[in-house]
Amino acid sequence: YPDSTDETVVKFMEDFNRIKGKEIPDNFNALAYDAAMVIFNAMKGLETIDRESVRDAVAETTDYVGPTGVTTFNDQNDVEKAYVHITVKDGKFVKAD
């Protein structure tokens, strides 16, 4: 959410605003950013970049910290991610207790 004080979210917001101006990113922007960074980080250590090696490296991702939280792939290649519960308080989105 835009008013988060989490340093990962703050950096994402700053980078997004530097590129897109004053536009406020939505959850799809943040999820797309996380997806791209998971792929980018997985590719960093590869000697050969092909479909299979990238797929396998992405599947080995654990504890990637991004603006939408921590991303880990399980042994079925599904993402395990905790939900962030937010609410509206005084007209602003805030993390729910």
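**View A. The hairpin of strands E4 and E5 in a predicted model.** Two residues lie between the strands of this hairpin, and Asp90 takes a positive phi near 55° there. Strand E4 covers residues 86-89 and strand E5 covers residues 92-95; they pair in the antiparallel sense over 4 bridges. Thr87 has Val94 of E5 as its bridge partner. Strands (E, at least two residues) are DSSP runs, numbered from the N terminus, and two strands pair if DSSP finds at least two bridges between them. The model is predicted: local features need pLDDT of at least 70, side-chain atom pairs count only at pLDDT 80 or more, and totals for chains, interfaces and linings use all residues. Residues are numbered from 1 along each chain as its sequence is written, and side-chain values use heavy atoms, with hydrogens and water left out.

**View B. The open sheet of E1, E2 and E3.** The 3 strands follow the order E1-E2-E3, with antiparallel pairing. Strands E1 (64-66) and E3 (79-80) stand at the edges with a single partner strand each, so one side of each is left without a neighbour in the sheet. E1 is joined to E2 (residues 69-73) by 3 bridges. Tyr64 has Thr71 in E2 as its bridge partner.

View C. Thr72 belongs to strand E2. Thr72 is buried, with a relative accessible area of 15% (buried means under 20%, with a 1.4 Å probe and protein chains only). A polar atom of the Thr72 side chain lies 2.9 Å from the backbone nitrogen of Asp63. Leaving out residues up to four places away in sequence, Thr72 touches Thr61, Thr62, Asp63, Asp78, Val79 and Glu80; contact means heavy atoms within 4.5 Å.

Technical notes. Buried < 20%, exposed > 50% of the residue type's maximum accessible area, 1.4 Å probe, protein only. Polar contact = N/O pair within 3.5 Å; in protein donor to acceptor, adjacent residues only side chain to side chain.
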